[in-house]
Amino acid sequence: MSKPDILMTGPYPEWDQVELDAHYTVHKLFEAADRDAFLNQHGDKIRAIATRGELGASAELIGKLPKLEVICVYGVGFDAVDLAACRARGIRVTNTPDVLTNDVADLGVAMMLVQSRGIIGAETWVKDGSWAEKGLYPLKRRVWGRKAGVLGLGRIGFEVAKRLKGFDMDIAYSDVEAKPYADGLTYIADPVELARHADFLFITLAASAVTRHIVSKDVIAALGPEGMLINISRASNIDEEALLEALENRTLGSAALDVFEGEPKLNPRFLQLDNVLVQPHHASGTIETRKAMGKLVRDNLAAHFAGSALLTPVL
Ligand code: 8YV
């Protein structure tokens, strides 16, 4: 039996590539010099897309693949997949929830600690000789016992809150409704009020057209000059222009960001700021989690082509 043709929109680790090559005829869109010519040549054979969270699949791409049956996202976020285009053609969609939750929460909490305690600047202080020449490193802000806000108490937000409890923080959260599993957390429906409560505001909600710029100019202003914004979700959840202005004017204290509009080509204004910690969208980037994500993508593909139930369907 011939192997099904699949399209990859971006690279996966070698351990996944070997497995995908063994079971499918793989077409790598990301290696094509001329994307349109590549799709004209191979588009009518493609039955599945293996994509990544930030790359998704646009309506334009889906439109060029007449035999497309399933899109498997290597990531929990499927905001970059045009679900309306998929629904219209009965194309199935899967993602990789659960397996990455703890690593994403870990990175969010690590960013809070690194940024609040000035750990990156402190290392430079040692390595560039400032410690020996100038003496003591400037004092930074405490984390434990302070106030946290979690915007979006889904799987990742819940794990962030669980970790923050270990720092004896006063934790509030916002979501479309109060959650029955939110023991010990205060529900504050309005994101502006949540930001007013918080010293550290974590953005952990799934991105969609509805949540676009939910972290508005007003939310950023309410967080204020002593506040820190930590984003481990998607850039579209934040009004990035308002964020940049607030960081530049110091009306927001600081930010720790794993995601950016137009990433990996982020707005260069971020690079000029000393009150922002920038990370290369790697919250799920551990060997253990990426192996589990890749396996889930491959298991979903295999289930689809075997005619079995998808393991983690979105559509
Ligand atoms: C991945 C992600 O970094 O889960 C998501 O939604 O964005 C991340 O886990 C990404 O999908 C890997 O390309």
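**Pockets and ligand in close-up**

**View 1. Residues around the second largest pocket.** The second largest pocket has a lining of 25 residues. Nearest its centre lie Gln115, Lys140, Ser254, Asp274 and Asn275. This is a predicted model. Two or more lining residues come from each of α5, α6 (119–127) and β12 (276–278). The second largest pocket holds about 580 Å³ of space. Sorted by class, its lining has ten nonpolar, eight polar and seven charged residues.

**View 2. The largest pocket and its lining.** The volume of the largest pocket is about 1,000 Å³. A set of 46 residues lines the largest pocket. Val76, Gly77, Leu205, Ala206 and Ala207 are the lining residues nearest its centre. By class, 22 residues of this lining are nonpolar, 15 are polar and nine are charged.

**View 3. Helices that line the largest pocket.** Three elements each give at least two residues to the lining of the largest pocket: α5 (101–116), α8 (155–165) and α12 (287–306). Which element gives the largest share? That element is α8, with three residues. Look back at α5: this helix also gives two or more residues to the lining of the second largest pocket.

View 4. The space that the ligand takes up is the largest pocket. Around the ligand stand 13 residues. The closest are Tyr74, Val76, Gly77, His281 and Ser284. What classes make up the shell around the ligand? The shell has four nonpolar, five polar and four charged residues.

**View 5. Polar atoms facing the ligand.** Start with arginine 52. An N or O atom in the side chain of arginine 52 is 3.0 Å from an oxygen atom of the ligand. Now turn to arginine 290. Here an N or O atom of the side chain is 3.1 Å from a ligand oxygen atom. Glycine 53 takes part through its backbone: one of its polar backbone atoms is 2.8 Å from an oxygen atom of the ligand. How much of the ligand's accessible area does the protein cover? On its own, the ligand has 330 Å² of accessible area, and the protein covers 94% of it.

How values were computed:
Residues numbered from 1 in each chain as written. Predicted model: local features only at pLDDT ≥ 70, side-chain atom pairs only at ≥ 80, totals over all residues. Heavy atoms only, no water. Near = heavy atom within 4 Å. Polar contact = N/O pair within 3.5 Å; in protein donor to acceptor, adjacent residues only side chain to side chain. Areas by Shrake-Rupley, 256 points an atom, 1.4 Å probe, with all protein chains shown as cover. 1 Å grid on protein atoms, 1.4 Å probe; cavity = no way out; pocket = protein on both sides within 12 Å on 5 of 7 lines; lining within 4 Å. Sits in = over half its atoms within 2 Å of the grid points. Nonpolar A, V, L, I, M, F, W, Y, C, P; charged D, E, K, R; others polar. Points joined across faces, edges and corners; volume = space filled by probe spheres on them. Helix = DSSP H or I, 4+ residues; strand = E, 2+ residues; numbered from the N terminus.
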